[in-house]
Amino acid sequence: MKIFFGLLKAHFKDITRDKTVIFWFFLFPLIIVLMYGAIFSEGSYGTMSSGSFDQTFNLSLSAPSTSTAAIIFENIPVFAITRVDKDLALQNLNDNNTDVAVIVEEDSGKEIVSVHYNSDQNSMGFFVANFIKQVLTEADLQMSNVTRRYEVKEIAKEIDSLRMIDYLLPGILAMALMQLGLFGSMQFVSYRERHITKRLALAPISKASFLSSEVLLRLMMGLVQGVLILSLGFLIYKVPINGSLASIFGIIVLGSMVFISLGYFLCSFTHTSEAAMGVIQIIQFPMMFLSGIFFPMSFLPSSLRPIVKALPLTYLGDGMRQIILGVSGEFSMLTNVSVLMGWFVVTFFLAVKSFRWE
Amino acid sequence: MNSIVVKDLRHSYNGTVAVDGISFNVAQGEIFGLLGPNGAGKTTTTEILVGLKKRKAGLVEVLGFDPSDQDEELKSRIGVQLQIPSLFQRLTVKELLNLFATFYPDPLNIEEVIEKVGLQDKTKTISMKLSGGQLQRLSVALALVSNGDLIFLDEPTTGLDPQARRGLWDVIENLKKEGKTVFLTTHYMDEAEKLCDRVAIIDYGKVIALSSPNDLIKSNFTEQALEFDVEADQKAFLHEKLPSVSKIEFNEDKATVYTQDVTKTVAELLAITDNGFRLKSFTVRSASLEDVFLKLTGRRIR
């Protein structure tokens, strides 16, 4: 135990005194948060917002002064009504100056209401026509005093809309953990390269205590990253942190373990830090952009989806978002955790198999 | 009682033979020197003895253990200094010594070790900021802090200035006084002559001599050595004019002549100075390990 803590302290000092490590692992993710925050704090991804319905519709209305339908329309707040004659109403529709043209004509005690609209994709006409039909049918029913057999209740769930920064913050944390795991393992390559592992192999210490102290330090750094990134997001951009501390802790540890194992595995193929850097870049760069940590998966062409679904970072980002924000995501939490566990088991096994002490 | 037993040890790298069947024993409490030029197999032998390399063939016992078993008890009883000082770059001298002290059951006081190797004013310097010589001394300090029964030093004084070298010689002699066994490799013959109780001279992976430095010199030379500068066209002429000399070696513009009778040889030399031969940088000395090496291999060590 004394040896383990001695090594942990040595790793800690050796790493934290390296200014490039401090920059890349702690400052860089924070800079990304600030940068994205400055750009995206107000924007939102369409698919993520539930936005309230506050549109008004323009009606060009032609109706006789005795029309009761016209009175009903005027009492509907979302209708902006312009009363004109029949020809002008149709003209307005032709010129796209109105959403619908409504012509009311009296015919033997009945009012015939014709709703004209341009039936193109963007037109709200169809919606408005149906709405008018419903309103007038309801009015008829009320006046004729029939016994109601059905009653429809509408329950709309109130959802806070997700801003882009809310979406991005958990993704940035996932990215930071990936980089910590992958690039962090290069430390070991450099220890190997500079024969430090060889020197330590001469001392009566177990290799396991050397490695486990390195891994534990990496996990602790991951947690510090989590605290820094989430605090910054919460304090400056009011990103809602809805998840429990335990579950956030859990996903950070799980994610770190996956990428630490993957990092050791990748590093076992290389002899020098430079080569390790190359291999890791090849893996991490596409992963960063394809994993959906910066934008929803639906933004990518469907031909890329199978790749996206193969990347562990996709599931870490998605799981991280669900846990931190308390929203639902692309996959179920069970899927996210199982896939990450799977990746961990496989990469851990491969890392142990291919591990080289010297 | 032997601290190290080596019998017919062999090692090769991709077919290139590095150690070609060497045998020697190191007695408990002695300073044993493994001598040889660069590439003779010294480092390979040391790395096999400390358990860094698995030997290809032969028998090796260190404090009764086979070092290839990676036994932690053996490791806790030996202190090792390697040629390449490999350390955490951003830890200070003191932090590194403290770290290594936690590895061993009964470490030395680190302040004492720092003083022994003369790094008192560098305790708070991180290792990447140390000079080559300072790193070398730190590396020795890490071997000492183990307080092991057997200390391996692989070319400990290479790259040190003369003062630091002498300081380290004192440290090594003190280890012997404390009853520790020292296994030392070096290509400095004066160092081996001064420190070692016994030396093994190896060349091309084979032991070519094994004894105490004095015995090696005595058994190879009854003569004394005279050295002086010589010009190229005078080399042949010397053989003819110095009948009292048993052997003449030339190394660039330096001549070394071996003689049983110094007075007679000096007289002969003085006689030829009348014929225009000038005696420059003239020294008389006893034969050294260096001469033994030269005689046995036909080469100078450096």
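**Cavities, pocket and chain contact in a predicted model**

The largest cavity is lined by ten residues of chain A, namely A:Tyr167, A:Ser291, A:Gly292, A:Met297, A:Val308, A:Thr314, A:Asp318, A:Arg321, A:Glu330 and A:Phe331. A cavity is a set of points, on a 1 Å grid over the protein atoms alone, where a 1.4 Å probe fits but cannot get out, and lining residues have an atom within 4 Å of a point. The structure is a predicted model, in which local features need pLDDT of at least 70 and side-chain atom pairs count only at pLDDT 80 or more, while totals for chains, interfaces and linings use all residues. Residues are numbered from 1 along each chain as its sequence is written, chains are lettered from A and ligands numbered from 1 in the order in which they are written, and side-chain values use heavy atoms, with hydrogens and water left out.

The space in the largest cavity is about 50 Å³, where a volume is the space filled by probe spheres set on the grid points, joined across faces, edges and corners. Its lining divides into four nonpolar, three polar and three charged residues. In this grouping Ala, Val, Leu, Ile, Met, Phe, Trp, Tyr, Cys and Pro count as nonpolar, Asp, Glu, Lys and Arg as charged, and the others, Gly among them, as polar. Helix 13 of chain A (residues 312–325) gives the most to this lining, with three residues; helices are DSSP runs (H or I, at least four residues) numbered from the N terminus.

Two cavities of 30 Å³ or more were found. The second largest cavity has a volume of about 30 Å³ and is lined by A:Leu200, A:Ala201, A:Ile205, A:Ser206, A:Lys207, A:Phe210 and A:Trp357. Helix 8 (196–201) and helix 9 (207–237) of chain A each supply at least two residues of that lining, which has five nonpolar, one polar and one charged residues.

A pocket, by contrast, is an open set of points with protein on both sides within 12 Å along at least five of seven lines. The largest pocket has a volume of about 610 Å³. It is lined by 28 residues, of which A:Trp24, A:Phe25, A:Phe183, A:Met186 and A:Met277 are the closest to its centre. By class, 15 of the lining residues are nonpolar, nine polar and four charged. Helix 2 (19–40), helix 6 (164–184), helix 7 (186–193) and helix 11 (273–290) of chain A each supply at least two residues of the lining.

The contact between the chains (heavy atoms within 4.5 Å) takes 25 residues from chain A and 26 residues from chain B. Together the chains bury about 2500 Å², 61% of it on carbon and sulfur atoms; buried area is the accessible area (1.4 Å probe) lost on putting two parts together, summed over both. B:Phe88, B:Arg90 and B:Phe103 supply 29% of the area that chain B buries against chain A, more than any other three residues.

Four salt bridges (a side-chain nitrogen of Lys or Arg within 4 Å of a carboxyl oxygen of Asp or Glu) join chain B and chain A. One of these pairs A:Arg17 with B:Glu95, the closest N and O atoms being 2.7 Å apart.
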